[in-house]
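I open this notebook to record, entry by entry, what I looked up in the structure and what I found there.

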Amino acid sequence: MSIKRLALFGGEPEFRHTLHVGTPNIGDTKRFLTRVENLLNRRQLTNRGPLVRELECRMAELLDVKHCLTMSNGTAALEIATRALNFKGNAIVPALTFVATAHALEWQRVRPIFADIAPSTHHLDPRGIDRLATSLTSGIIPVNLWGRTVDIGTVVAKAAGRGLAVVFDSSHAFGCTYKGKPVGGFGSAEIFSFHATKFVNTFEGGAVATNDDALAERIRLMQNFGFADRDQVIHVGINGKMNEVAAAMGLTSLEAMDGFIAHNHANYCAYLEGLTNVEGISLVEYDASERNNYQYIVIEVDDVATGLHRDQIMQVLHTEGVDARRYFYPGCHHMEPYRSRPKPAGQILTLTDETLARVLTLPTGTAVTAADIRRIVSLIQRILDGRIEVSHQLAKHNHSARFTSSQK
Ligand SMILES: *Cc1c(COP(=O)(O)O)cnc(C)c1O
């Protein structure tokens, strides 16, 4: 098909309705509405109602942990878990993550120290722990990015050697395994997010999973103003509770989870098959020997091989109705307040920066079909085949856009 048919040259966009990354998975609407109707009839809307208790039970079973404590969102889960573990001074985190990982610490005046990644995995390189940990360091928040796990064994061993607490940010890794064991039971605690864009969702929501009874007890107090009983406050706390409507969605989402995973897996296979022969584009692959949720489709663009930069490809995809995203560009270390701080030695994150210049996240989830994906792949192929014309057209387009905006 002619390159001139692309929307960039005035053609019709490939998709009339834009495909997004992270369009929510809904599950069985009827079952959800029945739950909501029942909870309205019960008039118990929050405060550890039956739906929250049921959700916590089911999740603890699925994660194979003693305690799963639901939360108002994933960020509150991180804040409460790290505070309950007495994180102070500073803590080591990767910069290639959603900014909440760093903000949850900073909000409590624990300074995030950013560690570089291993580019082959996009995960925190455990060797960074040796380089960055000081007497002020109290803990580590490794991130199980894209639902693949960091080298958990090495991270946990290094942390134990230094007496550091480990809280995994497993926001992406619900339902995944590490060496066959469910994510959720590693480190002192693991946190999950059930934000609407995550593959299992509660509109807004999160959870802390742990096998530590005393820690679970403390977290339970802290998420509910420190109430041990009516009129009895025995700890400082905030409000981190999940409400019953959120739990209704969580239960509905959990029931549909195997279906979501099957759908995501089929989408992943369609991308994998379609992109294998596209030179310069590589898909971040999942380890088939583990259980994965396949919720992110992440590609890396080698701009020397493709002749186009990641941003150019993204811009053309946007004009075609494919809302590809640069997750998590430019990295926490280039966001405020971290960006303006003097960088201690060892905090030059070359590999993180290089990776963040190459990655692009593509639409998947139950709102996207394998047929859509075949069209996205052929679109990418067409863009690369026409790289020279595309490049010229983009330059013209961006120049006139700049000209127009400077006239305003
Ligand atoms: C989504 C997400 C969070 C935050 O979760 P919320 O529920 O939106 O507060 C934290 N860390 C990572 C890696 C995430 O993707």
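**Entry: the two cis prolines**

I started with Pro337, which I located in the loop between β17 and α11. The model I am reading is a predicted one. The peptide bond leading from Glu336 into Pro337 is cis, and its omega is near 5°. I then looked up Pro330, which is found in the loop between β17 (322-323) and α11 (350-356); the bond from Tyr329 to Pro330 is cis as well, with omega near 0°. I noted both bonds, since most peptide bonds are trans.

Where do Arg43 and Arg48 sit? I found Arg43 in the loop between α1 and α2 (50-63), and I placed Arg48 in the loop between α1 and α2 too. Arg43 has phi near 60°, a positive value in a residue other than glycine, while Arg48, also not a glycine, has a positive phi of about 55°. I kept both on the page because most residues other than glycine have a negative phi. Is Arg43 buried or exposed? With a relative accessibility of 74%, Arg43 counts as exposed, whereas Arg48, with a relative accessible area of 32%, is partly exposed.

**Entry: Val36 in α1**

I next turned to helix α1 itself, residues 29-42, which holds Val36. The relative accessible area of Val36 is 16%, so I wrote it down as buried, the cut-off being under 20%. Which residues does Val36 contact once its neighbours within four places in sequence are left aside? The answer I read off is Val245 and Ala248. Val36 and Val245 are 209 residues apart along the chain, yet their C-alpha atoms are separated by 6.3 Å.

**Entry: Met249 in α8**

Met249 belongs to helix α8, which covers residues 244-275, and I found Met249 buried, at a relative accessible area of 4%. Leaving aside neighbours within four places in sequence, I listed the contacts of Met249 as Asn25, Ile26, Phe32, Asn201, Thr202 and Phe203. I also checked Met249 against Leu69: the two are 180 residues apart in sequence, and their C-alpha atoms are 16 Å apart in space.

**Entry: α3 against α7**

How do helices α3 and α7 lie relative to each other? I took α3 as residues 74-84 and α7 as residues 213-222, and found that their axes come within 9 Å and cross at roughly 125°. The two helices are therefore oblique to each other, and I recorded the passage of α3 across α7 as a right-handed crossing. On the α3 side, the residues that meet α7 are Ile80, Ala81, Arg83 and Ala84; on the α7 side, they are Leu215, Arg218, Ile219 and Met222. Sorted by class, this contact has six nonpolar residues, two charged residues and no polar ones.

I stayed with α7 to see what is buried there, and noted Leu215, Ala216, Ile219, Leu221 and Met222. The buried residues of α7 pack against α3, and also against the strands β2 (67-71), β11 (189-193), β12 (206-210) and β13 (227-229). At the N-terminal end of α7 I found a cap, Asp212, which has a side-chain oxygen 3.1 Å from the backbone nitrogen of Ala214.

**Entry: Thr364 in its loop**

I looked up Thr364 in the loop between β18 (359-362) and α12 (370-385). Although it is a loop residue, Thr364 counts as buried, at 5% relative accessibility. Its side chain makes a polar contact of 3.0 Å with the side chain of Asn267. Not counting residues up to four places away in sequence, Thr364 touches His20, Asn264, Asn267, Tyr294, Gln295 and Ile297.

**Entry: Asp287 in its loop**

For the last entry I went to Asp287, in the loop between β15 (281-283) and β16 (297-301). Asp287 is partly exposed, its relative accessible area being 43%. Which side chain does that of Asp287 join in a polar contact? I found Ser289, at 2.7 Å. I also noted that Asp287 and Tyr178 are 109 residues apart along the chain, with 10.0 Å between their C-alpha atoms.

Methods
Residues numbered from 1 in each chain as written. Predicted model: local features only at pLDDT ≥ 70, side-chain atom pairs only at ≥ 80, totals over all residues. Heavy atoms only, no water. Helix = DSSP H or I, 4+ residues; strand = E, 2+ residues; numbered from the N terminus. Buried < 20%, exposed > 50% of the residue type's maximum accessible area, 1.4 Å probe, protein only. Polar contact = N/O pair within 3.5 Å; in protein donor to acceptor, adjacent residues only side chain to side chain. Axes fitted to C-alpha atoms, helices over the stretch in contact; angles between N-to-C directions. Parallel < 35°, antiparallel > 145°, perpendicular 65-115°, else oblique. Left-handed = near helix turned anticlockwise from the far one by under 90°. Contact = heavy atoms within 4.5 Å. Nonpolar A, V, L, I, M, F, W, Y, C, P; charged D, E, K, R; others polar.
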